[in-house]
Amino acid sequence: MPITLGLDSSTQSMKALVIDSDSGRIVASAAVNFGKDLAGYGCPEGVLAHPDPLVKHSPPLMWLEALDLVLSRLKAGGAPMGDIMAISGDGQQHGSVYLNADSDRILAGLDPARTLPSQLSPALSRSTSPIWMDSSTSAECREIEEAIGPRLQTDTGSPAIERFTGPQIRKFFKTCPEEYARTSRIHLVSSFMCSVLIGKHAAIDFGDGAGMNLLNLKTGDWDSEVLDATAPGLRAKLPPARPATEIAGGLHAYFAKYGLKPGIPVVLWTGDNPSSLIGVGASEPGVAVISLGTSDTFFAAMPAMKTDPEGCGHVFGNPAGGCMSLICFKNGSLARERVKDECNVDWAYVEGAALTETPPGNHGNRALSYYVPEITPRVLTPGVRRQGTPDFCTGKAPSAVKIRAALEGQVCSMRLLSAWIGSFKTIRVTGGASRNKGIVQLIADVFQAEVQLIAVADSATLGGAMRAAHAAAGVPLKSLAAQFAAATETVRPDKGTANTYAACTEAYKSFIREVRD
Ligand code: XUL
C-alpha cells in the first residue's frame, strides 16, 4: 500500500499531505503558518523586516520549528504515520542555508528528546537565509556576468539573477569573508530540509539546483568556471547535484517520535515550482501551468532546452526528466492583497463585481503594480505605475477600475513575458488564487486558452507525495497524475474578448518597456 508523505517548505508556511496511491485518496494533511503559528520569529509574511527593501532574509530555525510542528499536527490529526513508506518534498526556490563543520555530527546525532531548532542552531554559520524575494545582489550579478559572458545563460539556463543562489553566495563571501570561510556546506532550502530528515547532507536536485546560476544543465554538474567567478572554494561547500528521482537516504530515527518508521526512503527534495509541475500533472510538454501564490509563476515542461531572449525567464530541471521553463512575478498575491486592502473591499468584490462593473480593456486604464521590487520585468524601485484617464492616474478612479487595472496588468504581463516559452491551448492553474473565478476567467480570456482547475490547490505539496510514490514504490507519474491531478473544471475563453485583449496586451508591451530597469 504506497502511502507517501509530501512536505512543502514555502515562503509563508509549511504544509504536509499524505496520499494513498492504491485508493487514489488524500489521506491526511496539516499546515503551519509562520505568521500565525510561529509569531515569535517576527516574520508575519515569512520574511524578516529589513530597512533596505531589496534585502529579504528568513530564519532557517523557523522552518525547522515548522517541520516539528507540522509532523506533530499530522500525527495528532490521526494520519497513519506508521504506514507512510516514503517521503519527499519541496522548498521555496533559491533560498540558501549556511552550515559549519559541526553540522555533519549534529545532523547524524539528532536527539528526539530535543527540538530541531535547539539542536541545529549551533550548526549554522549564518543565522539568516537570503530567500527568493531578495534583490540586493545587482553588483554581484554584474561581476559574474562580466566574468562568464552569454554562456552563463545558455549553460545554466538563466543570466545572473539577483535572487539566484550564486550571486547571493558571492555577496556573502564579499561582505562576510570569515563566516564564508567557516561555512562547510551550503544548501538550498529543499536540500537542507531533506538533510534534516535523513540526518546527513543530501544532494541538490537538478530542478532546484538550476535556480542557483551555478549548475551546467548540459553536463548535470556544477560549472567550474562559474563556481570560480562566484566565490573561492565553492565546489567543496556544495552538495553534489543529482536527478530528483534519487533516494537521498533513510529517515533518521529522530522522527520516530511522530510515529514515522525510521529508515523509510526519503527521495531528494526539489523546488516548489518543479514540484508543482508534477503535482498539477504537467510533467510532459503541451500544457502550461500558472501558479498563483505569494509569487505568481508561469511554467511548462520543455520539449528541448531554450532560453529567454529577454533574459527574465529561466530553465530548470524537470523532476520527471528533461527541462522546464519558468517565469516568476514577485508581485503576485501580495499585490492583489494590497489593491484589495487599498480599495477597502473583500475578495468577493475583487473576483465578482469589480470585473463585471468594468469592461475588458478597462477603457485604456492600465496599471503595473509593483509593491515590492519586481523580477519579471526587472524593476528595482517599487511603486504602482498607471496609464489612462487623469482620474485614474491620480488614484481617484472607482475601486472597480483600479482592481481591473491591477489584474489585467498582471495577466497581460504574464502573456507577454511568457511568449518565449510558447503558446498554449491549455493552461492549468494552481495556488490559492486559482479558486478566484474572476481571475481564472481573465486568464482564459487574455490567453484565449482553456483553463483547467485541479482538485488540490497545494500542488507543490502533492508533487512531493507523488514523487515519493514514483521514486520509492515505482508508481508511474502518469497514473499518479490521473489519480490526483485530473482536471475538475474547465473554464473556456470568451472569444468576443480576443481582439480587445490582443490590443490591451500590445499596449502593456510598450508600457513595460518604459518602466523596466
Ligand atoms: C521561482 C521563485 C519563486 C519561489 C517561491 O523562481 O523565485 O516562485 O520559488 O515560490
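Residues are numbered from 1 along each chain as its sequence is written, and side-chain values use heavy atoms, with hydrogens and water left out. Because the model is predicted, local features need pLDDT of at least 70 and side-chain atom pairs count only at pLDDT 80 or more, while totals for chains, interfaces and linings use all residues.

**The ligand and its shell**

| Residue | Atom in the residue | Distance to a ligand oxygen atom |
|---|---|---|
| Gln93 | backbone N or O | 3.1 Å |
| Arg163 | side-chain N or O | 2.8 Å |
| Asp272 | polar side-chain atom | 2.5 Å |

Taken alone, the ligand exposes 290 Å², and the protein buries 96% of that; the areas come from the Shrake-Rupley method with a 1.4 Å probe.

**The largest pocket**

The ligand sits in the largest pocket, as more than half of its atoms lie within 2 Å of the pocket's grid points. Pockets and cavities are found on a 1 Å grid over the protein atoms alone: a cavity is a set of points where a 1.4 Å probe fits but cannot get out, a pocket is an open set with protein on both sides within 12 Å along at least five of seven lines, and lining residues have an atom within 4 Å of a point. The largest pocket contains about 900 Å³ of space, a volume being the space filled by probe spheres set on the points. Its lining has 42 residues, and Leu292, Gly293, Thr294, Ser333 and Gly432 lie nearest its centre. Elements that give two or more residues to this lining include β2 (13-20), β16 (288-292), α15 (347-351) and α20 (459-473). The largest share, four residues, comes from α14. By class, the lining of the largest pocket divides into nine nonpolar, 22 polar and eleven charged residues.

**Enclosed cavities**

The count comes to four cavities of 30 Å³ or more. About 120 Å³ of space lies in the largest cavity, whose lining includes Asp296, Phe329, Tyr370, Glu374 and Thr376. There α18 gives the most, with four residues, and the lining of this cavity has four nonpolar, six polar and two charged residues.

The second largest cavity has about 60 Å³ of space. Among the residues that line it are Ala335, Arg336, Trp347, Val350, Ile403 and Leu407. Two or more residues each come from α14, α15 and α18. The lining of the second largest cavity divides into seven nonpolar, two polar and two charged residues.

**Two backbone details**

Where is the cis peptide bond to Pro377 found? This bond runs from Thr376 to Pro377, with omega near -5°, and Pro377 is in the loop between β20 and β21 (383-387). Thr376 also lines the largest cavity. Asn344, although not a glycine, has a positive phi of about 55°; Asn344 belongs to the loop between α14 and α15.

Key:
A polar contact is a pair of N or O atoms within 3.5 Å; within protein, one must be able to donate a hydrogen and the other to accept it, and residues adjacent in sequence count only if both atoms are side-chain atoms. Ala, Val, Leu, Ile, Met, Phe, Trp, Tyr, Cys and Pro count as nonpolar, Asp, Glu, Lys and Arg as charged, and the others, Gly among them, as polar.
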